[in-house]
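Have the model open while you work through them.

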Amino acid sequence: MTTRSVGSRVLRLEDPRLLTGKGRYIDDVGRGALEASFVRSPYAHARVTDIDVSGALDIDGVVAVYTYEDLGGRMADPLPLLLPHPALTHARTAFPLACEEVNHVGEAVVMVVAASRYAAEDACDRIRVTYEQLPPVVGIAAARAADRLVHDDVPGNVAAWLVQEVGDARVAIAAAPHRLVLDLEVERSASMPLEGKGVHARWDPDDDSLRVHTSTQASTSVRAAVAAKLGLPVSKVEVVTPDVGGGFGVKIVHPWPEELLVPWAARALGQPLRWTEDRREHFISSAHERGQVHHVEVGFDEDGVLLGLDVTFWHDNGAYAPYGIVVPIITSTQLLGPYKPGAYRVEFTSLYTNTVIVTPYRGAGRPQACFVMERTMDAIAAELGLDRAEVRLRNFIRPDEMPYDHQMIFQDGRPLIYDSGDFPATLAQLRKLVGWDDFAAYQEAARADGRQVGIGLACYVEGTGVGPYEGGHVQVQTTGRVDVATGLTSQGQGHQTMLAQIVADELGVAVDQVHVTTGDTRRFGYAVGTFASRTAVMSGSAVALAARKVREKALRIAADALEADPGDLEITDGVVHVRGNPSAAVALSTVAVLSNPLRYAFDEESKQATQFAGADLSKPPVAEDDEPGLEGTDYHSPMQSTFANGMHAVVVETDPATAEIKILRYCVVHDCGTLINPMIVEGQIHGGVAQGVGGALYERMVYDEAGQLLNASFMDFLMPYVTEVPKVEIDHLETPSPLNPLGVKGAGEAGVIPGMAVIAAAVEDAEGFPITRMPISPSELFELRRLHGRDRVDEARGDR
């Protein structure tokens, strides 16, 4: 009997290929093609007054040099605004190449095409661009002051302003017996995938078609954008996403200027062309995230129960806003976490600055939201002298209140309604896992030993599986192999394994018989993309529905062959048989042969489908409502997002002399509904925790007043090594979602969301003073000790 795969720790099918060096990434595509390189602005804000390319033209191997003046038609227009919103009243996007003005260091000004990257880079060095420098706007404070403007036609540097309110929060807070005010800040950071962006394009003049390979999270959307900008029918553009060495959100943005310029130039030159981003380009010309400043006012009663919450925050969206205001919208709505806030008002202003654009980075606004809400909950507990876990428990949405309508609008334009979850049970599991109730004794013993230890707790809810849809195609080949295709892309999450497990169970075949293709518009042309922890929910559900269609057809065809009722049949180990009578059986591969009536026989198996093989002559070979082949396509388009949730706890030790912060334990309880593959989910959590630790203790983008990024290399931008990432202890809770056929909720961003919040809470517990800004370094903790009159260095020296 076929072993059920869903819920099992199936080893990743893609790993043998990837781990033995057989992966095929964007830089492996198109060897021998022409190469592109870019002249990028050295200034944060300037007018381009002259471009002299004459010095580049004599370099051996240079094929072409392009500036904005060479672009025409739609290519000369600004890049698309991907996500319009009524509150985004002053949307501005960049041009593929700078048009008269540059607005951040790294903005592309000139494109050079040469026989090699070396020649292209040399040519870039010979090009002379004359700039008239303009005063830059750097940081949220400068943007709010608006003494200088990023865009002359955007008053106050305000891209968007939005308020959502449920009840009258300010009245509720004013009437509350207890009130607190907090000011909190999260600095700017960025994702650092192992592989940067890259694109290869080949134009076929014989049929006026274009094939593009790009390292993206949205191949079908890149296809549509390229077709629109180049004036081509979508059917004449193929976009293939090979193996992708990490995305984390930066590759959901599309089209990047290079994703348009490389295909455009490849068509113009009639030669294949490629470009691969180098690491400095990734720092200064891709995308960043996180930077927000929050002002919180909260009212609560003697038990710590929330009565009113009023949050105002400012979001730095960088020089342009191609991805709209999704990040601050997510922050404003996901800030609520698992709690009932009483009356709630949230207001945000999204501001332009002369810095790299801000678009979703794993977590996408939720880490900031979680930091703000969990710092607020801890402040309430401290104010009342209550246990931090107990305060949270008193404010949780209860399981019997699901589905819970927050009466707000989420990032997908649909109601913010939690579909499932048992927050008290999650908290109970976490308290047990980390030993919350016994920690006070451990902390006291550590203090007696001269050690500073603290424990933190953070809760979150994550909207996953946002629409509008995803699709899947499933086909059983005559060899018994099952091919699956879906349009979204994979960046190493284990999609091929997870989707294969789903289809294997639906069709009663072994997992290794299922072969999955993602991100190839030749195989599947309609999709949205990989983001917002949506693959299992959206494509998982779609391929399950498609496989069910295939199963239904297989049983119907087999029933005719076996002269049985379809309801009496089942599929086991790739064989369709009568339930209780395995000898009355036909292989699924044979069913695939029979599904396609043939005139010609090509092998022994195909003889069974030819016209003299005993077909029923009373009906047509292919019924009016049927089609040849054992295959099916279906789509999943939900009414709303599903909402996963989880809670993290961490134990830290802070060095009394150096202020170094060391993580001693890191515990996670996560609920993503039905677990398809617990090992893959845990891998996602491990990776997310690593990025959460980075966001809490190391990673930040540091700009000076001139808009120069001061740490645009791995020598200066700190990330956690494996030595800094703790062992992660994980437990699971499964509350299935009622919104999809699998009961699944997303897991891709779970590990990173509460990282800053939980580590801040633990450091605060160890040190005894508030932590209001992240990330926090040893030098910053040392300074906070001085400001709070807690000079641990002197104390440590005195003890010695």
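Axes are lines fitted to C-alpha atoms, for helices over the stretch in contact, and angles run from 0 to 180 degrees between N-to-C directions. Helices (H or I, at least four residues) and strands (E, at least two) are DSSP runs, numbered from the N terminus. The model is predicted: local features need pLDDT of at least 70, side-chain atom pairs count only at pLDDT 80 or more, and totals for chains, interfaces and linings use all residues. Residues are numbered from 1 along each chain as its sequence is written, and side-chain values use heavy atoms, leaving out hydrogens and water.

**Exercise 1.** Describe how α10 and α11 cross.

*Solution.* Start with the axes: those of α10 (residues 366–384) and α11 (residues 388–395) come within 9 Å and cross at roughly 115°. The two helices are therefore roughly perpendicular (65 to 115 degrees). Next, find the contact (heavy atoms within 4.5 Å): α10 supplies E374, M377, D378, I380 and A381, while α11 supplies R388, V391, R392 and N395.

**Exercise 2.** Which sense does the pairing of β10 and β11 have?

*Solution.* Strand β10 (residues 209–214) pairs with β11 in the parallel sense, over four bridges. As one example, L210 has V237 of β11 as its bridge partner.

Technical notes: Parallel < 35°, antiparallel > 145°, perpendicular 65-115°, else oblique. Pairing = 2+ DSSP bridges.
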